[in-house]
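Dear colleague,

Please find below the structure for your review. A summary of the findings follows it.

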Amino acid sequence: MKPYDVTALGELLIDFTEYGMSEQGNPVLEANPGGAPCNVLAMLSRLGKKTAFIGKVGNDMFGNQLESALLETGIDTTGLKRDDKTHTTLAFVHTREDGDREFSFCRNPGADVMLSEEDIEEELLENCRIFHFGSLSMTHDTSRRATIKAVSLAKKHGAVLSYDPNLREALWEDLEEARKQISFGLENCHILKISDNEVQWLTGESDYDKGIRSIQETYDIPLILLSMGKDGSRAYTKEIRAEQAAYLQSGTIETTGAGDTFCACVLNYILENGWKAFSKEELEEMLRFANAAASIVTTRKGALRVMPQKEEVEALMS
């Protein structure tokens with residue numbers, strides 16, 4: 001047994017989310033701890049798993065807030081580094097009338113992209129069962145080299161590699177460069193969590209089954225999870241396609257963190273059942289729980305600090 005179930009690397013930032021209007025008619029913003037990799041870890045910790053984070057924040061008030069949030073959530077902060085010269089990365093999230101989100105970032109640079117190869121501690125990668133990463137650490141050269149080193153070490157020590165492209169077009173100077181760097185993760189993962197819009201962007205296919213088939217033909221990925229928002233989710237292996245409907249709720253207010261919650265529940269299922277060839281019934285069971293947990297998060301502001309308990313997810317499913 002390894003001391004960490006999941007170690008994740010990537011962005012840890014402040015999500016400024018809309019929280020009504022002031023008396024003057026100005027939007028009020030709430031500073032929520034966020035960042036996809038840590039959202040994943042927060043849900044895993046809520047489910048009783050041992051987690052660790054590798055990343056960098058500024059030596060500022062927001063960095064202090066984020067470190068406190070990780071400790072409160074039960075995420076090991078051994079790999080969390082501070083940067084004295086670069087401020088913590090900030091994201092401003094606007095929810096449109098159709099429920100979709102728009103992002104604006106203060107990240108040129110932000111502390112998360114200052115993570116360096118020297119910041120990577122091999123022990124955190126040697127001692128984890130699953131290593132999870134995304135593409136936002138690939139946008140800048142310094143954090144890109146750190147990510148490549150971490151992936152190499154995780155593979156060396158036999159971890160299962162989980163990847164979420166988490167495309168944010170505004171963070172890339174060139175979308176062809178984005179395609180090139182995102183392909184690194186596709187080439188180096190066992191588990192891929194991808195959203196419907198990312199499949200369309202990556203493959204040009206509006207038929208998701210055809211898009212996933214194209215990914216499978218190009219990359220050797222044993223398990224692919226497709227999240228489709230209100231349309232539910234699918235799981236693909238080379239032989240099996242499984243699908244489950246979403247749990248739609250009238251109390252949905254925003255979708256921030258829903259995909260991360262879904263991803264965490266998939267990893268939790270694998271941790272509890274072993275990394276193996278899953279049957280269609282097992283994949284459907286995996287998707288049902290992940291869909292229900294993601295649905296609950298859409299009824300709450302923020303993500304990292306408001307992940308649901310297992311009992312809440314089971315109650316919704318029943």
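In this predicted model, the count of aromatic pairs comes to 6. One of them joins F16 and F62 in an edge-to-face arrangement, with 5.8 Å from centre to centre and 90° between the planes. This pair links distant parts of the chain, since F16 belongs to strand β2 (residues 13–21) and F62 to helix α2 (residues 61–73), 46 residues apart. Both F16 and F62 are buried. The pair of F103 and F105 is stacked, because the ring centres lie 5.9 Å apart and the planes meet at 10°. F105 has a relative accessibility of 22% and therefore counts as partly exposed. Ring pairs also join F16, F62 and F92 into a cluster.

Regarding the nonpolar cores, the largest comprises 53 residues. Those with the most contacts inside this core are L12, L44, F53, L70, L225, I270 and M286. Another core, of 41 residues, lies apart from it and includes V151, A154, W201 and I215.

The second largest pocket has a volume of about 240 Å³. Its lining consists of 13 residues, among which N108, H140, L171, W172 and E173 lie nearest the centre of the pocket. By class, the lining divides into 5 nonpolar, 3 polar and 5 charged residues.

Finally, R144 is located in helix α4 (residues 141–156). Its relative accessibility is 15%, so R144 counts as buried, the cut-off being under 20%. Leaving aside residues up to four places away in sequence, R144 touches S137, M138, T139, E177 and Q181.

With kind regards

Notes:
Residues are numbered from 1 along each chain as its sequence is written. This is a predicted model: local features need pLDDT of at least 70, side-chain atom pairs count only at pLDDT 80 or more; totals for chains, interfaces and linings use all residues. Side-chain values use heavy atoms; hydrogens and water are left out. Helices (H or I, at least four residues) and strands (E, at least two) are DSSP runs, numbered from the N terminus. Buried means under 20% relative accessible area, exposed over 50%, partly exposed in between (1.4 Å probe, protein chains only). Contact means heavy atoms within 4.5 Å. A nonpolar core is a set of buried Ala, Val, Leu, Ile, Met, Phe, Trp, Tyr and Cys residues joined through side-chain atoms within 4.5 Å. On a 1 Å grid over the protein atoms alone, a cavity is a set of points where a 1.4 Å probe fits but cannot get out, and a pocket is an open set with protein on both sides within 12 Å along at least five of seven lines; lining residues have an atom within 4 Å of a point. Grid points are joined across faces, edges and corners, and a volume is the space filled by probe spheres set on the points. Ala, Val, Leu, Ile, Met, Phe, Trp, Tyr, Cys and Pro count as nonpolar, Asp, Glu, Lys and Arg as charged, and the others, Gly among them, as polar. Rings of Phe, Tyr and Trp (its six-membered ring) pair if their centres lie within 6.5 Å; planes under 30 degrees apart count as stacked, over 60 as edge-to-face and the rest as tilted.
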